[in-house]
Amino acid sequence: MSVEVVMPQMGESITEGTVSKWLKAVGDKIEKDEPLLEISTDKVDAEVPSPSAGVLLEIRANEGETVEVGTAVGILGEAGETAVSSQPATATVSSQSEPPPVEEVQAAAEEIKDDEPISEQSQAATASAETQVNSDNSPNAADATEVVMPQMGESITEGTVSKWLKAVGDKIEKDEPLLEISTDKVDAEVPSPSAGTLLEIRVGEGETIEVGAVVALVGAGGSQAVSGQQTANGTQTLAVAPKQTVEETANAISADVPSVEAPKAAATTASSAQDVQETEGRSYDYQRPDAIEDAQKPSNGQPTNGKSSGEMSLEDLRKTKSSPLVRNIAKEHGVDISRIEGSGMSGRVTKKDILNFIESGAALRPQDLLGKSAPVAPQVTSPVSQPQTAVAPSAPQAAYSAPSVPQALGDKIEPMSVMRKKIAEHMTFSKQTSAHVTSVYEFDMTNVAKFRDKNKAEFQTRYGTKLTFMPFIFQAVTNALRKFPVVNAQVAGEQIVYKGDVNLGMAVALDWGLIVPVIKRADTLSLSGLALAANDLADRARTKKLMPDEVAGGTFTITNPGVFGGLFGTPIINQPQVAILCVGTIEKRPKVITTDDGDDVIAIRSMAYFALTYDHRIVDGADAERFLSFMKKYLETTQFNL
């Protein structure tokens, strides 16, 4: 008898959970209480144990899907048993039955042609599609496992394929890294969900797609790529094979038909593909407000104006068929999409169209440059009375565009990675937002150096990791932030938000960029706890094992160019924070000190420069100076304990 695996109740306030990872595949044998899958909620990540021993017959909630508490996410049973599906199977038919997609293609074609006769070329395309469907769904077609874009965090809705680690035809082991993806937060490797051969790559490097989208197919060597999943009861979700989609077939059928205002079939698939393409290069702070989407999203398959797609004007199509990204850009810049000539399907406005429109200066209005109302010229009094006239504002000038870069023989050109683009956007945004000021202090780190030299061997033996200078600095920072909370604040419009937690961001240099993992509630950790947390985050950052939540929520950032030998720097603030500390190299230098007897002597001391860059909008110079002075005294005089 089959047993349902349900989404568990993780707390009184938890009503849903997201399947973050399946630890078992369909067909795997499982012992009772053996971890079956991992789930994420807004409070905690946890493993779900198997409620009974048996075989995993069916997976009902894929990785990245969010379901309510109590919902069945999988089915367990005996080997050979058929899962009893309580879910509707309207999209599935027996593999022996006549495949509906061909009928759908023909119906779509007839609708597009408006009852016009189908040409010989159209009939040939239909026959080709029918042959393809029948071939893919024959009993000889092997199963293929879909590789989907994983959910990397609650706020992550899309990812970019940065690199394929395998090529079509390569053999792959289960959980072997298959590709690398980049999101707004982290870079990560995606493991293969099963062993087999990479049959098909559906998303090229550099393409951005939504979470849950299929990026590749993995199956047995020599098998065909089937667009659809095989379910536990032997039925298969039918779809036209990737090489001949419903949309492409419909387009082929209607090739001889004069163009119409808008296709009435297969447009949804094309629109989705266009949306995916347009999300590439999306700014880190672009969001998709629900209010915008709901206001412009078709209801019950119809546009908001109540017209069918064939009756819609080009202006309607530009508004309703443009992607959420395009609509967000339009709202940001106060642009009416109907003013733009779209180059996309049926006149839809693409990301390239709206960016070109904005860069051309056409989107600028006099009030954008001169305020809400155009000023009039000052009145000039003269002996001869003359009529006073208003001087019209000068015509708006085109937005600044970067100069072209001349290329010479030997130059190497490569596109920016997704991470590089995000860093560029974030740094530029920060310089435009905060009033940056930097103060520099010299610290005597001899006290810390002596304690570290005395305890680093014992620390390595006890904890299995190195004791560096950074945990001491972290501890000094957390104490200083508690004493001077304005340095741990953030700016929200005209309000100052004093953060209750101290979450330290630590910049980690990678071969492919820079990332800032966060030590959450650092002020609650001991010296050894800070060391363990910092080393763990740094190691996982370099191996692309971080989760998005581990690089978010920082309230203060520390960067350490001193590890490369730099004396000090003037770093850029990590928004929305208001300060960042730069640690210079710690080195032995001659220093004048005063002995207990009052004598001045030159001694060899471990010295370092500490530079604090702060947002002068809310952090005064006096606050920064007191902050650094407190840190200096703390590091030079504290009796540390592990």
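**Exercise 1.** Is Asp453 buried, partly exposed or exposed, and at what relative accessibility?

*Solution.* A quick note before you start: this is a predicted model, where local features need pLDDT of at least 70, side-chain atom pairs count only at pLDDT 80 or more, and totals for chains, interfaces and linings use all residues. Residues are numbered from 1 along each chain as its sequence is written, and side-chain values use heavy atoms, leaving out hydrogens and water.

Step 1: Buried means under 20% relative accessible area, exposed over 50%, and partly exposed in between (1.4 Å probe, protein chains only).

Step 2: apply them. Asp453 has 48% relative accessibility, so it counts as partly exposed.

Step 3: check its partner. Asp453 meets Arg452 in a salt bridge (4.0 Å, N to O); a salt bridge is a side-chain nitrogen of Lys or Arg within 4 Å of a carboxyl oxygen of Asp or Glu. Arg452, at 18%, counts as buried.

**Exercise 2.** Find which residue forms a salt bridge with Asp444, and where the two sit in the chain.

*Solution.* Step 1: the partner is Arg605, with the closest N and O atoms 2.9 Å apart.

Step 1: Asp444 lies in strand S19 and Arg605 in strand S29 (residues 600–615), 161 residues apart. Strands (E, at least two residues) are DSSP runs, numbered from the N terminus.

Step 2: Asp444 is buried at 11%, while Arg605 is partly exposed at 22%.

**Exercise 3.** Work out which residues are linked with Glu442 in a network of salt bridges.

*Solution.* Step 1: Glu442 and Lys591 pair up at 3.1 Å, N to O.

Step 1: the network links Glu442, Glu587, Arg589 and Lys591.

Conventions:
Helices (H or I, at least four residues) and strands (E, at least two) are DSSP runs, numbered from the N terminus.
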